[in-house]
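Me: Can you walk me through this fold? Keep it short, please.

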Amino acid sequence: MAGFAVSMMAQDFASRFMNDHKEDSNLTCVTISPRMMAEILNSEGERNEEVLDILSNLKSMQMLTADKKGQQYYDDAVKIVEKNSKRFEPFLSYEGISENCRILVRKRNKSIIELVMLVHNKNHFMVVNFTGNMNATFIQKLATAMKQGS
């Protein structure tokens, strides 16, 4: 039983969220390895060494999405964050009338080892979860890309 508790604590955010919603067919989870991300970027033309360097430090990226019950999923995700407030620290957030976005980080020895982005827009819900070694530059580029995409 103690081993199970330790493994639950070691899970990344997306895995924890999916475990809490394992019977829910509205959620889609996609896991992308750093190698696959690099392949995608390489196929899009010019090699960007800075991006490849950032990707080489990532272990995984998971993306959870749902096109129904967005507010409910977002609220559930926020509850997980609040339950684990010692694990995740807020990095950036935006609250609007029909759109919410939070970026949270988990650190080990001042290094960012996990980044969680929660997005709710109308009925759509999304979690993007990166694990690995990240820095503020990576997070800033991610935040900029998200602003441009919305």
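Reply: Here is a quick tour of the sheet, then the helices, then a histidine.

Reply: This is a predicted model, where local features need pLDDT of at least 70, side-chain atom pairs count only at pLDDT 80 or more, and totals for chains, interfaces and linings use all residues. Residues are numbered from 1 along each chain as its sequence is written, and side-chain values use heavy atoms, leaving out hydrogens and water.

Me: What order do the strands of the sheet have?

Reply: The order is β1-β2-β6-β5-β4-β3, in an open sheet of six strands with antiparallel pairing. The edge strands are β1 and β3 (89–95), and each pairs on one side only. Strands here are DSSP runs of E, at least two residues, and helices are runs of H or I, at least four, numbered from the N terminus. Two strands pair if DSSP finds at least two bridges between them.

Me: How many bridges join β5 to β6?

Reply: Nine, between residues 111–121 and residues 124–134. Val 116 has Asn 129 in β6 as its bridge partner. His 120 stands opposite Phe 125 in β6. The β5 and β6 hairpin has two residues between the strands, and Lys 122 takes a positive phi near 55°.

Me: And how many join β4 to β5?

Reply: 10, and these strands run antiparallel. They form a hairpin too, with two residues between them. Asn 109 in that turn has a positive phi of about 50°.

Me: Is β5 mostly covered or mostly open?

Reply: Mostly covered: nine of its 11 residues are buried. Buried means under 20% relative accessible area, exposed over 50%, partly exposed in between, with a 1.4 Å probe and protein chains only.

Me: Switching to helices. At what angle do α2 and α5 pack?

Reply: At about 120°, with their axes 11 Å apart. Axes are lines fitted to C-alpha atoms, for helices over the stretch in contact, and angles run from 0 to 180 degrees between N-to-C directions. The two helices are therefore oblique; under 35 degrees is roughly parallel, over 145 roughly antiparallel, 65 to 115 roughly perpendicular, and the rest oblique.

Me: Which residues of α2 meet α5?

Reply: Phe 13, Arg 16, Phe 17 and Asp 20. Their partners in α5 include Tyr 73 and Asp 76.

Me: Last one. Where is His 21?

Reply: In the loop between α2 (13–20) and β1 (28–32). His 21 counts as buried because its relative accessibility is 13%. Leaving aside neighbours within four places in sequence, His 21 is in contact (heavy atoms within 4.5 Å) with Leu 27, Tyr 73 and Asp 76.
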